[in-house]
Amino acid sequence: MENREFEQRLSDVKGRAEGSWTAILEAIGVDAKLLNRRNQPCPGCGGTDRFQYTDKYRHGDFHCRGCGPGDGFRLAEMALGLGFIDVFKKVETVVGKPVAAAGAVSPAPPADRMRKLARKIWDEACPVTAGDEVDAYLTNRGLKMDRYPSVLRFHPCLGYFVKEGGKSKKVGAYPAMLACVQGQDGVAVTLHRTYLQAGRKADLPDVKKLLSSGINGAAVRMFPVLDELAVAEGIEKSLAVHLATGKPVWPALNCGNMEKLWIPESVKRLSIYGDNDADKAYDGQAAAYALARRVKKEERRRGFPIRVDVYIPKQAGDDWEDVWVRRLARTLKAA
Ligand SMILES: [Zn+2]
């Protein structure tokens, strides 16, 4: 590898990894206990409480009284007993070439007006934090998290437009949950918006909207993915599956896109969480099995076996969020 080429790759990976290091380190096999931000023995030089993971500068930072400060690469070297190049390759597998980092919206030059607009709206929004409108909405749905995926953002006041005689007209503005939709190359292709009001979905005809249609297999990469990936239809359903199973889940956003969804080359196990639309036209089941079928057919091209499981809730009309919320309600009742 040419030096300059490597530097380019390194800076690219660093950029994509920034802010997502805790998840990345876990994904490449670093013990979660080491990342709990408490004082503890150093994986490099031992002791009893000299080491602390801080992620202070969003680079997976740590401090050790024995071997000094360092970043996520150094931490992984020590924790996994690997050299820099091996750690770099692992991190790149999670955030770089095959899979762009959850959260790293590539600062790619906006190719067209839509991308420019997506970028502008994204920049107006901020990460979801406890107490904001998105947190309130997800909490009301039983989907509260300590830390939300950075591909989700909170927009305090997003314009709501309707088409009138071929023209777009602004008819109001609401808080909104934004989700960044990334194409296969990791570049943000568009935004998904959910308009909110008082901790609920706003009462609007099109409360969920994609900024531009035809996302063609692009996904909201909510969690870093290495060899395992789970897929569900919507954002909320995906969070529910993640909370219930701990798996990295990507929402496909709709049935049509689920069938086309791009699956990273590194994935060896795919779990598809479909809706039970037996009360309607079986769209949820059809999309889930269509994706399973496509991926199995691509197996030979991939060059290694991929295990695919499809999970459909038992009851007609249910999705996995319904199942999760009921389970949560039972737990709360029991407590
Ligand atoms: Zn140390």
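Predicted model: local features only at pLDDT ≥ 70, side-chain atom pairs only at ≥ 80, totals over all residues.
**Reading helices, core and domains**

Biologist: Which residues of helix 11 are buried, then?

Modeller: A residue is called buried when 20 or more other C-beta atoms lie within 10 Å of its own. In helix 11 the buried residues are Trp 320, Glu 321, Val 323 and Trp 324. Because they cover an arc of only 160 degrees around the axis, they sit on the same side of helix 11.

Biologist: What do the buried residues of helix 11 pack against?

Modeller: Their partners are strand 11 (228-232), helix 7 (235-245) and strand 13 (269-273).

Biologist: You mentioned strand 13; why does Leu 270 count as buried?

Modeller: Leu 270, which is found in strand 13, counts as buried because it has 20 C-beta neighbours inside 10 Å. Once residues up to four places away in sequence are set aside, Leu 270 touches Leu 229, Ile 263, Val 295, Ile 306 and Val 308. As an example of how the fold brings residues together, Leu 270 and Asp 227 are 43 residues apart in sequence, while their C-alpha atoms are 8.6 Å apart in space.

Biologist: Turning to the other end of the chain, which residues of helix 1 are buried?

Modeller: Val 13, Arg 16 and Ala 17 are buried in helix 1. They share the same side of helix 1, because the arc they cover around the axis is only 95 degrees. The exposed residues on the other side are Asn 3, Arg 4, Glu 7, Gln 8 and Ser 11. As for the cover over the buried residues of helix 1, it includes helix 2 (21-27), helix 3 (72-80) and helix 4 (84-95). Just after helix 1 comes Gly 19, with a positive phi of about 85 degrees.

Biologist: How should I read the largest nonpolar core, and how many residues does it have?

Modeller: One reads a core by asking which residues are in it and which of them have the most contacts inside it. The largest one here has 84 residues, and those with the most contacts inside it are Ile 24, Val 91, Met 177, Ala 179, Val 181, Val 220 and Val 231. Strand 7, residues 167-182, gives the most to this core, with 7 residues. Met 177, if its neighbours within four places in sequence are left aside, is in contact with Val 134, Tyr 137, Leu 152, Phe 154, Thr 194 and Leu 196.

Biologist: Finally, which domains does the assignment give, and what is the radius of gyration of the chain?

Modeller: The domain assignment gives domain 1 (3-95), domain 2 (113-210) and domain 3 (228-334), and the C-alpha centres of domain 1 and domain 2 lie 32 Å apart. A compact globule of 335 residues would have a radius of gyration near 20 Å, and the chain has 21 Å, which agrees. In total the chain has 11 helices and 14 strands, and buried residues make up 40% of its 335 residues.

Technical notes: Residues numbered from 1 in each chain as written. Core = buried A, V, L, I, M, F, W, Y, C linked by C-beta atoms within 7 Å. Buried ≥ 20, exposed ≤ 12 C-beta atoms within 10 Å, placed from the backbone. Helix = DSSP H or I, 4+ residues; strand = E, 2+ residues; numbered from the N terminus. Contact = placed C-beta atoms within 7 Å. Arc of directions from axis to C-beta. Domains from an automatic or database assignment. Rg over C-alpha atoms; globule rule 2.2 N^0.38 Å.
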